[in-house]
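Please look over the model below before reading my points.

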Amino acid sequence: MRLLSLEVQNYRNIASASLTPGRELTVICGNNGQGKTNLLEAIWLLTGGKSFRGGKDAELVRRGEPFAVLEASTLSAQHPEELLLEEPEEERRIRMTIGTPDSSRPGRNASVNGAPPKRASALAGSFPAVVFDPGHLSLVKGAPEGRRKFLDAALCQLYPGYLTVYRRYIRALQQKNALLRRSAAGPERPYAEKAALLEVLNAELAVQGEAIQQRRRAYLERLGPLACSNYAELSHGAERMELHYAAQFEPGGLAHLLRARQSEELRAGQSLCGPHREDIELLLDGQPAKVFASQGQQRSVVLSLKMAEAAAAAAITGEHPVLLLDDVLSELDDGRKQYLLTRMREKQTFVTSCDDTAFLKTDGEVYRMNGGVLTKA
Ligand SMILES: Nc1ncnc2c1ncn2[C@@H]1O[C@H](COP(=O)(O)OP(=O)(O)OP(=O)(O)O)[C@@H](O)[C@H]1O
Ligand SMILES: [Mg+2]
């Protein structure tokens, strides 16, 4: 995947900007608060996903303006078996509006090659990208929910059917939790009726939950070795990273687990087991990274995971995602910086930095962001 050009209008603090990225590395330098992350976020929105910073649509539009426009040309590689065709690459023009240029369709809308606009989420899969944002450091230190989200978001991008399974699971889980809460509060339904409903919900949870775990395990079997070898290279072998899926049940064992813990769940008034309680265990030299990793080591773990996410997506879909790396070099020692700079030259990568010295010797495109104004350095 490659971004050929991007024009931005009225996006956050950027009134108007135009970017012609390099084939490989594009660097966006500038002081704090100038709009570097905003530009990266604008590129990310082309994936059809929501802001990685959790920004609501209204916050993305420049204050005082009615709407924002993003226009991009992208080049997607065809699948390997199609490479023999005359046109091995396909150019697409994506136009996205945020806000209400047409009051009948608020929110984010996008059109491809001039077709009638659809919801931006319909772009999913047409512009794959992987983003590293300092907020992702919580992948190491934060609660299991963030690690499950990391897995589930990647799986949703890769397998459209995963979202359906996931939604079915969450719907049944919500119903079950409501039922368990009511039972803990007092016996308002006859016991037999409640038990029958619980059985139906557990049967649904077992089917969808097994499917979720199976996908996650299969994905981690691919991602794990890639992430660990990235880590070994990034740290020049200084520490060894390991990654395991912290499962609550063996494949095929969820129905049994749900039965075994039923009375405990009834007492607790909430569901206690299933893939929504599972986690990824991250170890550095055999110790939990959550507790023992230093700042730079946490950053290295997250970067190794993110680069592995991109490589896994490339292996599965035949298309290497664009890498968006926000403020990636800080806290890393020279060896790790040097390694990342080499990796950044392999695939199209966008990096932001307050300090351009590390990039001066690279042959990438260097831009400067100052008060929302983008200029070529
Ligand atoms: N909707 C908006 N309209 C106008 N300005 C906005 C809007 N949203 C954010 N901003 C401004 O954008 C600026 C922040 O930009 P950004 O986060 O891209 O900075 P940065 O260059 O990445 O800085 P740092 O190096 O600190 O990460 C802030 O000054 C903020 O007030
Ligand atoms: Mg920033």
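**Notes on the predicted model**

1. Arg147 counts as buried, at 4% relative accessibility. Buried means under 20% relative accessible area, exposed over 50%, and partly exposed in between, with a 1.4 Å probe and protein chains only. Arg147 is found in helix α4, residues 144-158. Helices (H or I, at least four residues) and strands (E, at least two) are DSSP runs, numbered from the N terminus.

2. The basis is as follows. This is a predicted model, in which local features need pLDDT of at least 70 and side-chain atom pairs count only at pLDDT 80 or more, while totals for chains, interfaces and linings use all residues. Residues are numbered from 1 along each chain as its sequence is written, chains are lettered from A and ligands numbered from 1 in the order in which they are written, and side-chain values use heavy atoms, with hydrogens and water left out.

3. What does the side chain of Arg147 make a polar contact with? The side chain of Asp279, at 2.7 Å. A polar contact is a pair of N or O atoms within 3.5 Å; within protein, one must be able to donate a hydrogen and the other to accept it, and residues adjacent in sequence count only if both atoms are side-chain atoms. A polar atom of the Arg147 side chain also lies 3.0 Å from the backbone oxygen of Leu139.

4. Ser126 is buried too, with a relative accessible area of 17%. Ser126 sits in the loop between β7 and β8 (129-132). A polar atom of its side chain lies 2.5 Å from the backbone oxygen of Leu123. Leaving out residues up to four places away in sequence, Ser126 touches Met1 and Arg92; contact means heavy atoms within 4.5 Å.

5. Now the sheet. It is open, with 6 strands in the order β2-β1-β4-β5-β6-β7 and antiparallel pairing. Two strands pair if DSSP finds at least two bridges between them. β2 (14-19) and β7 (118-119) are the edge strands, each pairing on one side only. β1 (residues 2-11) pairs with β2 over 5 bridges. Leu6 has Leu19 in β2 as its bridge partner.

6. Ligand 1 has 16 residues around it, and Gly33, Lys36, Thr37, Asn38 and Val61 come nearest. Near means that a heavy atom lies within 4 Å. A polar side-chain atom of Lys36 is 2.7 Å from a ligand 1 oxygen atom. For Arg53, an N or O atom in the side chain is 3.0 Å from an oxygen atom of ligand 1. A polar backbone atom of Val61 lies 2.8 Å from a ligand 1 nitrogen atom.
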